[in-house]
Amino acid sequence: MASGIAPCYVSNVVSPLLASKEAAASSSALSSAISAPPPGLGFAARTRSCFRIGQKYSTARFSVVMSAEAVKEKAGKAPKEVPKESLLTPRFYTTDFEEMEKLFNKDINKNLNEAEFEALLAEFRADYNQTHFVRNAEFKAAAEKLQGPLRQIFVEFLERSCTAEFSGFLLYKELGRRLKKTNPAVAEIFTLMSRDEARHAGFLNKGLSDFNLALDLGFLTKARKYTFFKPQFIFYATYLSEKIGYWRYITIYRHLKANPDYQLYPIFKYFENWCQDENRHGDFFSALLKAQPQFLNDWKAKLWSRFFCLSVYVTMYLNDCQRSAFYEGIGLNTKEFDMHVIIETNRTTGRIFPAVLDVENPIFKEKLDHLVELNEKLAAISKSTVPPTLKNLQRIPVISAMISELLALYFMPPVESGSLDYVDFEPQVVY
Ligand SMILES: [Fe+2]
Ligand SMILES: [Fe+2]
């Protein structure tokens, strides 16, 4: 769920529009989350030991082993400049776990298809990517070749992606824990998805060590704001985040396979198998939604479906256009790439959501592009040296225009969709 690239895009949903309460600490604490790796510690794609970050033990059990590289790199690294949180920053999510327990109680909800969840569970237990995330010497060498602005943008990509993956890990881990008694099969799937996200986050964080940096995930766990979404919204947002993550990864993988000259850093070579994890996660949420028809079958469900599609697509488009140097650096046209991802995700989503946006209407892209221009104006105002009061006044017409465009996008005639009878919930390899 990052911009840069977001396997788990839930963290990028424009959540402040929905957030009803927040758990946990101050955002200012984020400022110490990114630093050089603590002595002797580095992430690896293997599991088993508890992880220790910044001399503290986290409750998260995954994937940190001693790394010779981390030991070698420990000296002499300045902390990285800290990005500020904004509407577009990857977020951490929490939900109403008691309501979740009711939704997955087999005595209350007769729509739960146990055979379907057992079949999905077997897929997750098979753990197809158990040995996939193994690094090699190419990583460090490639990172050393990346210099100047491109190096910075790669670092940002790794940070945001790692934060997003880690956000998924935390949410799924907690859901696995809380649903254990109510629905053991669903709980185990959540736990196994958290295993996948931990691997993804660990692999990205190890990538940061190639640039002599590391994200202090233990610190982030405690210090980051958590945005509350009720279960219905968690389902929409995570489904979309997983599917959009799949389409982003597979699109980049295919592009770089066809254009190997742009393969600037070896992490992209792992995307083919990696994206299958995200696809499986999305299929699981599809099955969860099918078991909760009240979230799919009325006019409110249609309105919320469109809202979440819009939030996820707009956030990705604005985020990526702010970082077009990254996409251009790997030989992609940012807007073309994003539109491809949006269209494919929307088609996939239309198989389960009762309504989706008409993203293939040229007006949709025109409005997205106008939002990009407005967002650039906002950024220019923020960077200017005028007094804060004047900045706020300058922002008013720009924000008004953005709201107007968002409403226009939302109220474009939607595409009626969702055909539960046709949805195939068997996990599939999709290429
Ligand atoms: Fe992931
Ligand atoms: Fe995922």
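Student: Which residues is T251 in contact with, leaving aside its neighbours within four places in sequence?
Tutor: In this predicted model, T251 is found in helix α8. At 12% relative accessibility, T251 falls under the 20% limit and so counts as buried. Leaving aside neighbours within four places in sequence, the residues in contact with T251 are F337, H340 and V341.

Student: What does F364 touch, not counting residues up to four places away in sequence?
Tutor: F364 is among the residues with the most contacts inside the largest nonpolar core. Not counting residues up to four places away in sequence, F364 touches L310, Y313, M339, I342, L357, D358, V359, L409 and M412.

Student: Which residue coordinates both iron ions?
Tutor: Let's start with ligand 2. This iron ion is coordinated by E197, E242, E278 and H281, at 2.0 to 2.6 Å, and E242 is listed with two OE donors. The iron ion (ligand 1) and the iron ion (ligand 2) are 3.5 Å apart, and the residue that coordinates both is E197.

Student: How many residues apart in sequence are the parts that E197 and E278 tie together?
Tutor: E197 counts as buried at 0% relative accessibility, and E278 is buried too, with a relative accessible area of 0%. Both are donors to the iron ion (ligand 2). E197 lies in helix α6 (residues 184-210) and E278 in helix α9 (residues 271-290), so the parts they tie together are apart in sequence by 81 residues.

Student: Why are the buried residues of helix α4 on the same side of α4?
Tutor: In helix α4 (residues 138-145), the buried residues are F139, K140, A142 and A143. They are put on the same side of α4 because the arc they cover around the axis is only 165°.

Student: How far from R306 is the nearest side chain of opposite charge?
Tutor: R306 sits in helix α10 (residues 299-322). Leaving aside neighbours within four places in sequence, its contacts are A355, V356, L357, Y410, F411, M412 and P414. R306 is buried yet has no salt bridge, since a salt bridge needs the atoms within 4 Å. The nearest side chain of opposite charge belongs to E416, at 6.4 Å.

Student: Which side chain does E416 meet in a salt bridge?
Tutor: E416 counts as exposed, at 52% relative accessibility. Its salt bridge, 2.6 Å from N to O, is with K302. The pair links distant parts of the chain, 114 residues apart: E416 is in strand β11 (residues 415-416), and in helix α10 is K302.

Student: Where do K269 and E138 lie?
Tutor: These two form a salt bridge, with the closest N and O atoms 2.7 Å apart. The pair ties together parts that are 131 residues apart in sequence, because K269 lies in the loop between α8 and α9 and E138 in helix α4.

Student: With which residue does R125 form a salt bridge?
Tutor: The structure holds 22 salt bridges. In this one, the closest N and O atoms are 2.7 Å apart, and the partner of R125 is E188. The pair links distant parts of the chain, 63 residues apart: R125 in helix α3 (residues 114-126), and in helix α6, E188.

Note on methods. Residues numbered from 1 in each chain as written. Chains lettered and ligands numbered in written order. Predicted model: local features only at pLDDT ≥ 70, side-chain atom pairs only at ≥ 80, totals over all residues. Heavy atoms only, no water. Core = buried A, V, L, I, M, F, W, Y, C linked by side-chain atoms within 4.5 Å. Buried < 20%, exposed > 50% of the residue type's maximum accessible area, 1.4 Å probe, protein only. Contact = heavy atoms within 4.5 Å. Donors = N, O, S within 2.8 Å, 3.2 Å for Na, K, Ca; no water. Helix = DSSP H or I, 4+ residues; strand = E, 2+ residues; numbered from the N terminus. Arc of directions from axis to C-beta. Lys, Arg positive; Asp, Glu negative; His and termini not counted.
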